[in-house]
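Open the model in your viewer and keep the sequence panel beside it.

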Amino acid sequence: MEPMAGGWMSAAHSMGTTILAVEYDEGVILGADSRTTTGVYVANRASDKITQLTDNVYICRSGSAADTQVVSDYVRYFLNQHTIQLGKEATVKTAANLVKELAYQNKSFLQAGMIVAGWDKYDGGSVYGIPLGGTLLRLPFSSGGSGSSYLYGFLDQAWRPNMSKDEAERFVVKSIALAIARDGASGGVVRTVTVNAHGVERNFFAGDKLPLFHEEISPGRNPLLA
Amino acid sequence: MTKTAIDLPPKGGFSFDLCRRNAFLESQGAKMPKFRKTGTTIVGLVFKDGVILGADTRATEGEIVCDKNCEKIHYLAPNIYCCGAGTAADTENVTDMVSSQLELHRYATSRESRVVTALTMLKSHLFGYQGKVSAALVLGGVDVTGPHLHAVYPHGSTDTLPFATMGSGSLAAMAVFESRFKEGMTKEQGIEVVCAAICAGIFNDLGSGSNVDLCVITKGGKEYLRNYQQPNPRSYTHSKGYHFTTILSSKIRSLRNHVRVVEGDAMEEE
């Protein structure tokens, strides 16, 4: 049997991923899985793909881990300066446009699919999808990553406007769980971030808290715990 | 009219003269020399009082072990160390470079270096080279904000984790960590788990071998434990040592007396 010889080591660190953001009555909820892969090896089973840009704007990252980390770092830095110069909280639209600018102008070098979502007093909760080429699309809900392919039908059928916070969070968690069930490159835990006028709330749903679907067996006792 | 070719002196820069010859030789079956890589198992974990970094000590050039006891835990700052996997030249040079930058930064800020500073310097350098600098690092240290452990990949992405493994032996080491890691371990427990993880790499991965190096970093300081465990001793030593020849006679001739200074100054002698 051949030694691995580090072939997979030189594969780019990518986030197979399922990411999602939805508007609900008071703001937005962002959701993501937590699996980062290098080839077929799971490099990080508990990564956080929802990154903060400002106090009121967050970004979901999918695609190349390095590219999205660098883009988020730049945009966070620009928004920091912008907030100081503006004297007010930055809007979600501004944040999304900055991300779009970087994604579009560097389209040949980047492999990054991102969703920018947050709350500001002018537009309330907003979700902006920024897929591979650098398009900017404001949408009531947006999904991305390799696992999103399995969600289009479900989202079209099940999404309703003005859901309550609990309804919307259950909706997000169910969607990500469905994608994890079918997509090998998505897995781990489901992380959600809720942003509204009152602030930000982070939540975390481990494997045993996720809904079960067709032919899935309930987890039972965790063998890693004593 | 004869065509004359004028030989201009080279303008500088890389000379491509030998590239055609190299390509020809390769097509005839000659092998290009391989890069020296650290096949490697490197790990890090966060314990109650700080971080512990561990590494094996084998360096390979293709299938040959070129160094049986190399050092893979590199110094970045008095409170920050970094294990390196990938091409040995890349890991050595990128850690040396960031170590110099951190020292200058310490003079400019009059403060102890922070792990996130080292992380940002490494990640921006590696991202700029788009993965061509083949350095996969486990960066750990303790600063004013607490203990930190990060995994840095050649393309410039980073992960912040309570335990991390990298290198060709990382799967073997990760199996040990996933089974035995607990939050808030003591130093002794942490060292035991780290050694077990590196040994898993040493014995089950062909790219890793020889000894276990450790570095324990806490708020109070650091302990660099070179060759903490040596599970692969040389088994063929002879207690009296080896004598391959007996010395028949020896003659030492000093060459200095044969040099006469005719013109100019003699060299300074120490």
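**Stop 1: a loop in chain A**

Select Asn162(A), which sits in the loop between α3 (152–158) and α4 (165–182) of chain A. Keep in mind that this is a predicted model. Check the backbone: Asn162(A) has a positive phi of about 55°, although it is not a glycine. Is Asn162(A) buried or exposed? Asn162(A) counts as exposed, at 61% relative accessibility.

**Stop 2**

Select Glu201(A) and Lys165(A). Their side chains meet in a salt bridge, 2.8 Å from N to O. Glu201(A) lies in strand β13 (residues 199–205) of chain A and Lys165(A) in helix α4 of chain A, so the pair ties together parts that are 36 residues apart in sequence. Glu201(A) is partly exposed, with a relative accessible area of 35%. Lys165(A) is also partly exposed, at 27%.

Now select Lys49(A) and Asp33(A). Here the side chains form a salt bridge of 3.0 Å, N to O. This pair links distant parts of the chain, 16 residues apart. Lys49(A) is in the loop between β5 (41–44) and β6 (50–52) of chain A. Asp33(A) is in the loop between β3 (27–32) and β4 (36–38) of chain A. Both Lys49(A) and Asp33(A) are buried.

**Stop 2: a surface patch**

Go to helix α1 (residues 65–86) of chain A and pick Tyr77(A), which lies in it. Together with Tyr77(A), they make a nonpolar surface patch of about 320 Å². Tyr77(A) itself is partly exposed, with a relative accessible area of 47%.

**Stop 3: the sheet in chain B**

Move to chain B and show the strands. Five of them form an open sheet in the order β11-β2-β3-β12-β13, with antiparallel pairing. Which strands stand at the edges? They are β11 (163–166) and β13 (222–229) of chain B; each has a single partner strand, so one side of each is left without a neighbour in the sheet. The twist averages 15° from one strand to the next.

Zoom in on β12 (residues 212–218) of chain B and β13(B). These two pair in the antiparallel sense over five bridges. Val216(B) stands opposite Glu223(B) in β13(B).

Next, show two helices. Helix α4 (residues 170–180) of chain B packs on the sheet and touches β2 (42–47) and β11 of chain B. The direction of α4 makes about 160° with that of β11(B). Helix α5 (residues 187–204) of chain B packs on the sheet too, touching β2, β3 (50–55), β12 and β13 of chain B. The direction of α5 makes about 150° with that of β12(B).

**Stop 4: along β13 of chain B**

Select Asn227(B), in strand β13 of chain B. Its phi is near 50°, a positive value in a residue other than glycine. Asn227(B) counts as buried, at 18% relative accessibility.

Then select Arg226(B) and Glu71(B). They form a salt bridge, the closest N and O atoms being 3.7 Å apart. Glu71(B) lies in the loop between β5 (64–67) and β6 (73–77) of chain B and Arg226(B) in strand β13 of chain B, so the pair ties together parts that are 155 residues apart in sequence.

Methods
Residues numbered from 1 in each chain as written. Chains lettered and ligands numbered in written order. Predicted model: local features only at pLDDT ≥ 70, side-chain atom pairs only at ≥ 80, totals over all residues. Heavy atoms only, no water. Patch = residues over 30% accessible without salt bridge, like charges linked within 9 Å, V, L, I, M, F, W, Y side chains within 5 Å. Areas by Shrake-Rupley, 256 points an atom, 1.4 Å probe, with all protein chains shown as cover. Salt bridge = Lys/Arg side-chain N within 4 Å of Asp/Glu carboxyl O. Helix = DSSP H or I, 4+ residues; strand = E, 2+ residues; numbered from the N terminus. Buried < 20%, exposed > 50% of the residue type's maximum accessible area, 1.4 Å probe, protein only. Pairing = 2+ DSSP bridges. Axes fitted to C-alpha atoms, helices over the stretch in contact; angles between N-to-C directions. Contact = heavy atoms within 4.5 Å.
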